[in-house]
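Let's take a friendly tour of the aromatic side chains in this protein. Have the sequence and the 3D view ready as you read.

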Amino acid sequence: MSKSIKECVNGINKNKNLEELLPEYVSQSMQLNDSYARLKMMMEYYIYYEMLSEGINPYIDSAKDTTDELNEIIFKLFEEDLSDEEADKAAEKLLELRQVVIDKMQVLTTYVDCFVIYEYILNRVQYRFEEMETLPEDSLFARDVVSFIFGTEDNVAINDNIHSVIGQLPMRISRKRYYEMIRETISVYKGSDKSSLESFLYMFKTNAMLYKTPHGDKYFTEFVPILDELASVDYEKITEDEFKIYSEKIRVNASKLNDISDLYMQLGQIINEAYIIAKSIKYTRDADSIEAADKVIKGINSLFTGRKSDVWDEAEGLSEEDDEAKLYWLGEHFPHIEGKQEKIYDSLNMAGAVLDEIIESDQKVIEELGLTEEFVILKQMSQLNSNSVFAEVNETIDETKVTAEMAEEAAENLIAEVKELFNNSSRMVRRAIMANTLEKMPVFFKTSQEVADYVMASLIQCNDEAEKYASKQLILEMIQ
């Protein structure tokens with residue numbers, strides 16, 4: 001762990017020598033972010049090239065333009081001596097590419113959410129055509145489910161278990177009760193930031209097939225006809241042949257969506273890392289670089305672009321045209337970074353743990369030192385290093401507090417949208433949407449007995465033996 005960053009953090013926590021320590025904190029944090037980004041890019045850029053060169057992903061062509069532009073920027077970052085202004089332009093271009101990827105991922109997510117609904121329905125009719133084995137009768141099954149839910153003292157785990165079970169149990173609550181639950185959920189946001197409420201509304205609408213992305217008519221429109229076809233099926237009267245046809249269509253298209261999502265997740269990650277490198281150039285020009293990482297990144301870029309690179313000067317005996325041998329040679333550099341990523345990550349975590357507190361507590365000193373922009377960039381880097389590849393980096397949080405009137409209006413508007421959707425949907429589609437959204441709402445039970453009553457009621461009220469059997473099977477798989 002870097003002593004320098006540790007000393008900076010300790011001193012800042014004690015509010016000592018801020019005029020000296022805050023600039024040092026920025027410098028150290030920038031270098032740590034840069035090193036961590038290079039190590040991650042080394043691996044992910046290598047894997048990305050491998051995937052594209054071997055044609056593993058059938059949707060490679062959809063990302064060609066973005067990949068080509070990204071490769072040009074990486075060439076400049078690693079092969080040219082960019083000025084601060086040139087590096088900033090490269091960073092801005094990377095944000096533009098990132099937005100393209102986000103727009104495409106938003107379309108993909110919308111499609112995935114729709115397929116989830118239709119897969120839910122087909123799972124519930126599956127055992128109309130397949131043999132059903134003997135499963136525990138309702139009361140014994142309900143007892144086992146409740147034992148599973150409360151088999152831990154961790155409240156978070158209990159809530160997760162409740163959500164998972166609700167998402168699979170037969171959906172038998174009335175529409176009236178469902179609308180009340182929407183209203184109750186939105187009322188929880190009274191007094192919260194408006195951004196939090198908007199996030200919930202977005203999440204709900206995507207899971208209810210209500211969200212219409214503005215880019216839906218621009219990207220991956222080949223999935224629209226199959227979704228239209230699935231929407232027109234009469235699932236109450238579906239035949240075995242139709243069941244098999246639509247199950248296969250969902251399987252094939254879900255696999256395609258998974259391939260595309262994997263492609264853009266990898267691309268998005270590399271863009272994030274390139275952005276961090278571009279924004280930290282000012283602080284890393286004279287710092288020690290991770291030689292193995294730079295070699296691999298430069299080599300992969302050369303393989304992508306066909307440009308010459310001095311990285312090959314060390315590769316004795318390699319043919320100029322033998323890309324496979326070059327890739328193998330680059331792969332031999334990975335042992336040189338063993339353990340480095342973990343060490344840098346520990347130091348980066350130490351720096352990141354106090355970032356928000358520094359920004360909030362020492363804002364005046366930050367402004368006086370002219371470091372406001374640097375801390376904005378460090379906050380961006382922190383978000384880019386989070387578990388969410390597509391975290392918002394320029395988000396302006398709307399801190400307007402949600403009033404009772406705002407919550408009521410949001411609830412009424414959402415319920416109106418849901419009612420319109422339900423009026424044009426079959427019973428099985430409605431139930432699938434209700435199950436998919438209830439699973440995402442806050443737990444609405446107050447006691448364990450209420451949970452037990454809900455589980456039992458949903459089973460007793462389900463007269464469709466195939467649906468009940470499918471629900472039990474899915475929950476048993478979860479428990480086991």
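## A cluster of rings

Start with a group: Tyr-45, Tyr-48, Tyr-49 and Phe-304 come together as one aromatic cluster. Please keep in mind that the model you are looking at is predicted.

Across the whole structure there are 20 aromatic pairs. A pair of this kind is described by how far apart the ring centres are and by the angle between the planes.

## A stacked pair

Take Tyr-178 and Phe-422, whose rings are stacked, with 5.9 Å centre to centre and 25 degrees between the planes. This pair links distant parts of the chain: Tyr-178 belongs to helix 7 (residues 175–187) and Phe-422 to helix 18 (residues 404–423), and the two are 244 residues apart.

## A tilted tryptophan pair

Next, look at Trp-312 and Trp-329, a tilted pair with 5.9 Å centre to centre and 50 degrees between the planes. Trp-329 is in helix 13 (323–331), while Trp-312 is in the loop between helix 12 (291–305) and helix 13, so the pair ties together parts that are 17 residues apart in sequence. Trp-312 and Trp-329 are both buried.

## Charges over rings

Which ring does the charged end of Arg-124 sit over? The ring is that of Tyr-120, and the charged end of Arg-124 is 3.8 Å from its centre.

Key: Residues numbered from 1 in each chain as written. Predicted model: local features only at pLDDT ≥ 70, side-chain atom pairs only at ≥ 80, totals over all residues. Heavy atoms only, no water. Phe/Tyr/Trp six-rings, centres within 6.5 Å; stacked < 30°, edge-to-face > 60°. Helix = DSSP H or I, 4+ residues; strand = E, 2+ residues; numbered from the N terminus. Buried < 20%, exposed > 50% of the residue type's maximum accessible area, 1.4 Å probe, protein only. Lys NZ or Arg CZ within 6 Å of the ring centre and 35° of its normal.
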